[in-house]
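Please look through the structure shown here with the sequence beside it, and follow the paragraphs below from one residue to the next.

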Amino acid sequence: MYAVISPQDIQLPPGTVVRMPATWEDYCKLRDSRGDGSIPRIKYRNGEILLMSPLPRHGREAHLLARIVETLSDSENRNYEAFTPITMDIPEEGGIEPDYCFYIDNWQAAVGKDRINWQIDPPPDLVIEIDVTSYTAAEDFLPYKVPEVWLFKKSGLSIYGLSKDKYQQQSFSKYFPEVDLSGIINQVLKVASEQGTGVAIRGLRERLVEEL
């Protein structure tokens, strides 16, 4: 299958990444050409467009990491709001579509909202990105001042916290400081690959109950 990219039609084989020079107007036309769809993912930064058609693994891992965040939050009786898919854009500056985003400390700012103004409203507290094609960097979220970004690659989970207008890698999450996230994620992914997502998440939930 060949890649097709035009304002009227975008077709990319799964796993394909395309990078090309473009204007903000070009980005808007391509973004809008998908209608209600969310594939391919489209990013705009520094005068270029990046398009990515995710593999099935991408969506599976994004879903599992999001379920882990939800399960950990539930175990601590913490409220949250979650969104996927979602387009974050600031006109002329940047546009990006994270795999999942969570409002945790600022959940009240997102309750019931159909649209978010990224120039006025608070950003998500946490963004999750699955990077199986070197498509994503934590710095992509600097324009939005997202406090924490999780990048999950073959090598595992990397956590980046925003500090003085730049992201620094850190060993723990500010939202789950007492949790061994890498260990939990590796275990959940292993069980899910062998027995299914439902079994993996139920096992995590039971484990957290026992620890409490």
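K43 is found in strand 4, which covers residues 41-45; strands are DSSP runs of E with at least two residues, helices are runs of H or I with at least four, and both are numbered from the N terminus. With a relative accessible area of 1%, K43 is buried, where buried means under 20% relative accessible area, exposed means over 50%, and partly exposed lies in between, using a 1.4 Å probe and protein chains only. The side chain of K43 makes a polar contact of 2.8 Å with the side chain of D140; such a contact is a pair of N or O atoms within 3.5 Å, of which, within protein, one must be able to donate a hydrogen and the other to accept it, while residues adjacent in sequence count only if both atoms are side-chain atoms.

This is a predicted model, in which local features need pLDDT of at least 70 and side-chain atom pairs count only at pLDDT 80 or more, whereas totals for chains, interfaces and linings use all residues. Residues are numbered from 1 along each chain as its sequence is written, and side-chain values use heavy atoms, with hydrogens and water left out.

Two packed helices are described by the angle between their axes and the distance between the axes. The axes of helix 3 (residues 181-195) and helix 4 (residues 197-211) come within 7 Å and cross at roughly 140°, the axes being lines fitted to C-alpha atoms over the stretch in contact and the angles running from 0 to 180 degrees between N-to-C directions. The contact is made by I184, V188, V191, A192 and Q195 of helix 3, together with T197, V199, A200, I201, L204 and R207 of helix 4, where contact means heavy atoms within 4.5 Å.

One of these residues, V188 of helix 3, is buried, with a relative accessible area of 4%. Apart from its neighbours within four places in sequence, V188 is in contact with L64, I68, A200, I201 and L204. The C-alpha atoms of V188 and L204 are separated by 7.3 Å, although the two residues are 16 residues apart along the chain.

T71 lies in helix 2, residues 56-75, and counts as buried at 6% relative accessibility. Leaving aside neighbours within four places in sequence, T71 is in contact with I201, L204, R205 and L208.

Finally, turn to a loop. N77 is placed between helix 2 and strand 6 (81-83), and at 74% relative accessibility N77 counts as exposed. Phi of N77 is near 55°, a positive value in a residue other than glycine.
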